[in-house]
Amino acid sequence: RNVNFHLATDYSPYTKMAASRAAIAKGFAILDDVQDGAFSVDKDNIKLTATDGTDVKELFDMYHVLSDEARTEAIQAILDTSGLSPVGEFYLWVAKDPSSFYTNYVKQAKNITIDLPARLLVDSGVPVINDFFQIDFGNSYQSKEVVVERPDIQPEKHALDKTDDSVVLDN
């Protein structure tokens, strides 16, 4: 039931390019479009780290949007600019200072990894889909879709004979 999603950006294409102030001002963000009702995220244990292991949680504003009606104008503006239209619940991390973030992380290809610990709420055998988007300069890029499934396992516990483990001593 417990899974840990690893969302990783890829800034390597930007190391040898120059960006205008206007492009940088469009911002950088990470969006995780979770499957509604399929899992609950342990928000207190979400980690954001850079390639070098630095904790970068403070560089982002995190938004947990539960429904379409819960979107603020600022969040909707980010979605409109990036062309994204997630339905229902999603998580959004927005770089607080796009210029500094571009200089210190994007331009240097210091990728960001988000560890998203979650608990699956579905029955065994039901697939759970998690979609992740990287937003650079206001443009969105979709990652590979992740599908997890809670296995149907039936563990058993028995007391076995010490000298012959084929002899079951239950009860």
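Analyst: Let us begin with Leu66, which is placed in the loop between β5 (60–65) and α2 (73–82). Helices (H or I, at least four residues) and strands (E, at least two) are DSSP runs, numbered from the N terminus. The model is a predicted one, in which local features need pLDDT of at least 70, side-chain atom pairs count only at pLDDT 80 or more, and totals for chains, interfaces and linings use all residues. Residues are numbered from 1 along each chain as its sequence is written, and side-chain values use heavy atoms, with hydrogens and water left out.

User: Does Leu66 count as buried or exposed?

Analyst: Buried means under 20% relative accessible area, exposed over 50%, and partly exposed in between (1.4 Å probe, protein chains only). Leu66 has 57% relative accessibility and therefore counts as exposed.

User: Which residues does Leu66 touch, not counting residues up to four places away in sequence?

Analyst: A contact means heavy atoms within 4.5 Å. With residues up to four places away in sequence set aside, Leu66 touches Gly88 and Glu89. Gly88 is 22 residues from Leu66 in sequence, and their C-alpha atoms are 6.1 Å apart in space.

User: How should I read the order of elements in the chain?

Analyst: One first counts the elements and then follows their order. The chain has 3 helices and 10 strands, and from the N terminus on they run β-α-β-β-β-β-α-β-α-β-β-β-β. The radius of gyration, taken over C-alpha atoms, is compared with a globule rule of 2.2 Å times the number of residues to the power 0.38. For this chain the radius is 21 Å, well over the 16 Å that the rule gives for 171 residues, so the chain is more spread out than a compact globule. The C-alpha trace spans about 75 × 40 × 25 Å along its principal axes.

User: What share of the contacts joins residues at least 24 apart?

Analyst: Of the contacts between residues at least 6 apart in sequence, 75% join residues at least 24 apart. As for burial, 36% of the 171 residues in the chain are buried.

User: Which residues have the most contacts inside the largest nonpolar core?

Analyst: A nonpolar core is a set of buried Ala, Val, Leu, Ile, Met, Phe, Trp, Tyr and Cys residues joined through side-chain atoms within 4.5 Å. The largest one here has 33 residues, and those with the most contacts inside it are Phe28, Phe39, Phe60, Trp93, Phe101 and Ile112. Elements that each supply at least two of its residues include β1 (2–8), β2 (28–34), α3 (98–106) and β7 (112–120). The largest share, 5 residues, comes from β7. Apart from this core lies another, of 11 residues, among them Ala29, Leu84, Val94 and Phe133.

User: Where is Leu84 placed, and which residues are in contact with Leu84?

Analyst: Leu84 is in the loop between α2 and β6. Its relative accessible area is 11%, so Leu84 is buried. Leaving aside neighbours within four places in sequence, Leu84 is in contact with Leu31, Leu79, Phe133, Ile135 and Ser140. By contrast, Leu84 and Val168 are 58 Å apart in space, C-alpha to C-alpha, and 84 residues apart in sequence.

User: Which residues does Thr9 touch?

Analyst: Thr9 sits in the loop between β1 and α1 (21–25). Not counting residues up to four places away in sequence, Thr9 touches Ile30, Asn111, Ile112, Phe132 and Gln134. With 5% relative accessibility, Thr9 counts as buried.

User: What is the phi of Phe137?

Analyst: Phi of Phe137 is near 55°, a positive value in a residue other than glycine. Phe137 lies in the loop between β8 and β9 (139–142) and is buried, with a relative accessible area of 8%. Ala109 likewise has a positive phi, of about 55°, although it is not a glycine. Ala109 lies in the loop between α3 and β7 and counts as partly exposed at 22% relative accessibility.
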